[in-house]
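Hello,

Here is the structure I promised to pass on. My notes on its aromatic rings follow below.

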Amino acid sequence: MSISLRQIRYFVATAELGQISQAAVELSISQSAITTAIRELERTVNLQLFHRSTTGMELTPAGREFLFHAYEILQKVHEATHLNIPSGRVEGKLSVAATYTVMGYFLPDHLQRLRRSFPGLDLQLFELSRDAIEEGLLDERYDIAVLLTSNIRDPQIASETMISSPRRLWVPSRHPFLHKARVSLADVAQEPYIMLTVDEAANTSLGYWSSTHYRPNVKLRTSSVEAVRSMVASGQGVAILSDMVYRPWSLEGRRLETIVLQESIPAMNVGLAWARNVKFNEAMEAFRAYFRQSFHIPQIRNVRSQTRFDAEGVESPSQ
């Protein structure tokens, strides 16, 4: 049995309102329809999503986790039926600057899709450091940039983050940390550490280390992500890097694993940047619209007011 959008809608309404009777009023349907839909949903996912009592419906731990996915499903359906991509007839040149990490691990797939969506758009690419990009944007040598927005320093540069990539500890397979319930920076400080330096990674790393009493035992500083990967996979050290550059295998075919650290490690934010006083042309608007559509963050609140579905799960216009 497959999950329907109707079941998702009824589940979300009940979870938010806490009572089937109120959800029925909100959705203008019978209570029995909601009860049946939720029971079918629970059978399909093989999980109990609600604790039922005389006072209402309370989400179970599984229900809270499912609610997160339900919000995403409804948001994605809303996005898919309200696409706002500029016409593929956009033409002209667009100079795009990007940092090393973005150029190597983020942009390639998107560039291919952009060229399919806008065949008349002539993308001119430049790989530069963050400070050179900021200077180039202000001097109008580049129209727009894709970079680590968390590294931007100049207040004259405007930015929009598209994705936040969590940073985790990289360890070789069978490392003892994989059997620990918790791993902290205090534990990491006892290990040889491979420090990535490209795109100001070292400065970022020292930023979160400085909030503790510990320091990494740096054995190698390198600008190569692949060197870090190989060193970690061969058991010569550990590293803390983002999921965006993670791959489970080194070039030599050795396995790496990741661990979520006990401390809150800042994510690596990737997005667009431009001179704050620049006026967007059609090519810039198309470029930004593509990324906004690709990485739209689900709006948790008011999802139910944004989309309306009939009894068969087909969206109808909001009233």
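Tyr142 is buried, at a relative accessible area of 11%. Keep in mind that this is a predicted model. Phe126, the ring partner of Tyr142, is partly exposed, with a relative accessible area of 32%.

The structure holds nine aromatic pairs. In the pair of Phe126 and Tyr142, the ring centres are 5.1 Å apart and the planes stand at 50 degrees, so the pair is tilted. Phe126 belongs to strand β4 (residues 121-127). Tyr142 sits in the loop between α7 (130-138) and β5 (144-148). The pair therefore ties together parts that are 16 residues apart in sequence.

Next, Trp170 and Tyr246. Their ring centres are 5.6 Å apart. The planes meet at 70 degrees, so this pair is edge-to-face; the cut-off for that class is over 60. Trp170 is in strand β7 (residues 167-172), and Tyr246 is in the loop between β10 (239-242) and β11 (256-259). This contact thus ties together parts that are 76 residues apart in sequence. Trp170 is buried, at 0% relative accessibility. Tyr246 is buried too, with a relative accessible area of 18%, because buried means under 20%.

There is also a cluster. Ring pairs link Phe106, Phe287, Tyr290 and Phe291.

Last, charges over rings. Arg288 lies over the face of Phe280, 4.0 Å from the ring centre. Arg255 has its charged end over the ring of Trp249, at 5.2 Å from the centre.

Best regards

Note on methods
Residues are numbered from 1 along each chain as its sequence is written. This is a predicted model: local features need pLDDT of at least 70, side-chain atom pairs count only at pLDDT 80 or more; totals for chains, interfaces and linings use all residues. Side-chain values use heavy atoms; hydrogens and water are left out. Rings of Phe, Tyr and Trp (its six-membered ring) pair if their centres lie within 6.5 Å; planes under 30 degrees apart count as stacked, over 60 as edge-to-face and the rest as tilted. Helices (H or I, at least four residues) and strands (E, at least two) are DSSP runs, numbered from the N terminus. Buried means under 20% relative accessible area, exposed over 50%, partly exposed in between (1.4 Å probe, protein chains only). A charge sits over a ring if NZ of Lys or CZ of Arg is within 6 Å of the ring centre and within 35 degrees of the ring normal.
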